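Look at the model below. Start with the overall fold, then pick out a single residue and a single sheet.

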Amino acid sequence: MRSAMIWSLAALLILFIVPWASADALDISEMPPLIESMVFNETFRDMDPDEIMRLAGPIAGHYDFIGRESESGNYRYVLGKAKGESPLAGLEEVTVRREDGDRGLQVVYAKPDYVKTNIAVYEFPELEGIWKHGDGLIVYLDPKGAKQTLGYVFSECLRARGPERIRDLATRQVSMIEPIAPPFASVELYKGPCCSQVEYFPLSEADIQRFQEETRQLKKGKKRAKRSSLLGIYYCARLDEDGSADYEDLVPEALLEMARQKCGYELTPKLPREAKLVKAHMRIMVGESDDAYELCTQTIENEKKLRQLAKLLRGKRRGLGGKCPYSGKVTLDYEDGTQITLYKATDGCDGFVMGSASHWEIGDKANAQFWKLFDECKRALDKR
């Protein structure tokens, strides 16, 4: 059907596709408890069946649906499982701007040549978007009006180890999504090659008062201040004027201890100065976390090379990190039994991660020397 609306030529293509789902993916009936466990201080109820059909619009008859909403109205979502073939198969999601009214942006599903034809197969005026798996065999409908999407949790439910991770987070009373309202804390964690994540947990007003008192002491210089940007630990006591989280820049000791207890956060371990480095092993993984595969490994036991490596690492300086893939896991063994792990950037950057989220740099010259030591891994990276 040709749309009766006038569509903007500046259409923005956005795809919410879950490509890395497990072959043993959960049934949609098992997802609501997992999805809702990532939301703090909210009570959910079933959505009215007529409302579900209204949101689903033209695909209402093609799916079995489960609709849920919080009593506050902050969260609303609909899960669908196709009764047969997916009506969305082979189509793309497009967000377009209407020019004939005050509806603003609208989601349509169309064939890949939509920009040329302006022919929409399905129109969803009540949705912000659709997250789909299996070319639409399982869908998550994102209704307009909700303050935050839970689509990221839906996608995690379909990952191979996603449900296990969600249950672990819920047991520790932390979440994978940023809460709508403060106070809460945010903790960045690097848990291995191709596996970086952020965890959130709620705070009380008493926590905030304690943090603020410690922060005042830090600003007076009575204690050494730890910067949030260097540790990846933040807390939010209020929202900015635009409604986004206003994170504090200093890390009180009390918050650091909470991050340790709730999230297993670790500070950067100290590199031994007296003990000799006796072995260094690198393992490089590439790909998404669930689909990552081993590219290469290399072990260094030559005494001269180990001395060079130890010297390079002792020359590290603080960095702010970035989008680098820290997929080179380096394990350092010292003669006194100390073992330290770091994750090296494998895209040419000189940075690496130590501890849970502390970023370090060694400089371009030292970085070139580092890859001369791990020459076998460097050749494997160059061949990709």
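Helices (H or I, at least four residues) and strands (E, at least two) are DSSP runs, numbered from the N terminus. This is a predicted model, in which local features need pLDDT of at least 70, side-chain atom pairs count only at pLDDT 80 or more, and totals for chains, interfaces and linings use all residues. Residues are numbered from 1 along each chain as its sequence is written, and side-chain values use heavy atoms, leaving out hydrogens and water.

The protein has 11 helices and 21 strands. Of its 384 residues, 49% are buried (under 20% relative accessible area, with a 1.4 Å probe and protein chains only).

Now take T346. It sits in the loop between strand 19 (339–344) and strand 20 (351–354). T346 is buried, because its relative accessible area is 15%. Its side chain makes a polar contact of 2.7 Å with that of S327. A polar contact is a pair of N or O atoms within 3.5 Å; within protein, one must be able to donate a hydrogen and the other to accept it, and residues adjacent in sequence count only if both atoms are side-chain atoms.

Four strands form an open sheet in the order 12-11-13-14, with antiparallel pairing. Two strands pair if DSSP finds at least two bridges between them. Strands 12 and 14 stand at the edges with a single partner strand each, so one side of each lacks a neighbour in the sheet.

| Edge strand | Residues |
|---|---|
| Strand 12 | 196–202 |
| Strand 14 | 245–247 |

Inside the sheet, 4 bridges join strand 11 (184–190) to strand 13 (233–239). S186 has Y234 of strand 13 as its bridge partner.

Notes. Buried < 20%, exposed > 50% of the residue type's maximum accessible area, 1.4 Å probe, protein only.
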